[in-house]
Amino acid sequence: MSKLEDYVITIPDFPKEGIMFRDVTGILEHQDGLKIATDELVKCLEGVEFDSVASVEARGFVFGAPVAYAMGKSFMMIRKRGKLPRETVSKEYELEYGKAVIEIHKDDIKPGQKIVIVDDVIATGGTFKAAIELLESVGAEVVKVLCLMELKGLNGREVLKDYDVDSLIQYEGK
């Protein structure tokens, strides 16, 4: 396989009827998949001036950490509430089925620090938006939002219209 799309496994009617679930674990199950994904994500950052990569757990870590490593940048974990040991800053946000809270270590961010957020998928944009607001609340500047896949039918890019957003693969449906 030579195209990243070839590694994504589509599962019809999961988690409910009418949903076409796009499973990124197929990328990780093949020896070339993660390399292709990392290389393509890095290409999207050519010419972007930034200090650190941040990712939301858990699948975001799988793609964000290799990008940070490849580009010689630091990596920040945005975690679910209660997972970080030092003093944190948090952001509550809406999910389609409830609320969630994400956190970062308060001392991870320096005012004016330029951040690229990398995650696996952009759907409604809610998690990305919460991550941006969290980082900006402590003085960071989010200079790019980057993801592996975009589910265009869920309009996440519209939620993030004020930011530079890139995705490697776009799917029209939900």
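Biologist: Before we start, what should I know about how the model is treated and numbered?

Modeller: This is a predicted model, where local features need pLDDT of at least 70 and side-chain atom pairs count only at pLDDT 80 or more, while totals for chains, interfaces and linings use all residues. Side-chain values use heavy atoms, with hydrogens and water left out, and residues are numbered from 1 along each chain as its sequence is written.

Biologist: Thanks! How many helices and strands does the protein have?

Modeller: Helices (H or I, at least four residues) and strands (E, at least two) are DSSP runs, numbered from the N terminus. Along the sequence they follow the pattern β-β-α-α-β-α-β-β-β-β-α-β-α-β. The totals are 5 helices and 9 strands.

Biologist: What radius of gyration does the protein have?

Modeller: The radius is taken over C-alpha atoms, and the globule rule is 2.2 Å times the number of residues to the power 0.38. For 174 residues, a compact globule would come out near 16 Å, and the protein agrees, with 16 Å.

Biologist: Which residues of helix H2 are buried?

Modeller: Buried means under 20% relative accessible area, exposed over 50%, and partly exposed in between (1.4 Å probe, protein chains only). The cover over the buried residues of H2 includes helix H1 (25-28), H3, E7, E8 and strand E9 (165-171), with contact meaning heavy atoms within 4.5 Å. In H2, residues 33-43, the buried ones are Gly33, Ile36, Ala37, Thr38, Leu41 and Val42.

Biologist: Is Asp13 buried, exposed or partly exposed?

Modeller: Asp13 is in the loop between E1 and E2, and its phi is near 60°, a positive value in a residue other than glycine. Because its relative accessibility is 44%, Asp13 counts as partly exposed.

Biologist: Which residue does a cis peptide bond join to Phe14?

Modeller: The bond has omega near 5°.

Biologist: Which residue does a cis peptide bond join to Glu57?

Modeller: Omega is about -5° here.

Biologist: Finally, how many nonpolar, polar and charged residues are in the lining of the largest pocket?

Modeller: The lining has 39 residues, with Arg59, Glu96, Tyr97, Val121 and Ala123 nearest the pocket's centre. Ala, Val, Leu, Ile, Met, Phe, Trp, Tyr, Cys and Pro count as nonpolar, Asp, Glu, Lys and Arg as charged, and the others, Gly among them, as polar. A pocket is an open set of points on a 1 Å grid over the protein atoms alone, where a 1.4 Å probe fits, with protein on both sides within 12 Å along at least five of seven lines; lining residues have an atom within 4 Å of a point. By class, the lining has 21 nonpolar, 6 polar and 12 charged residues.
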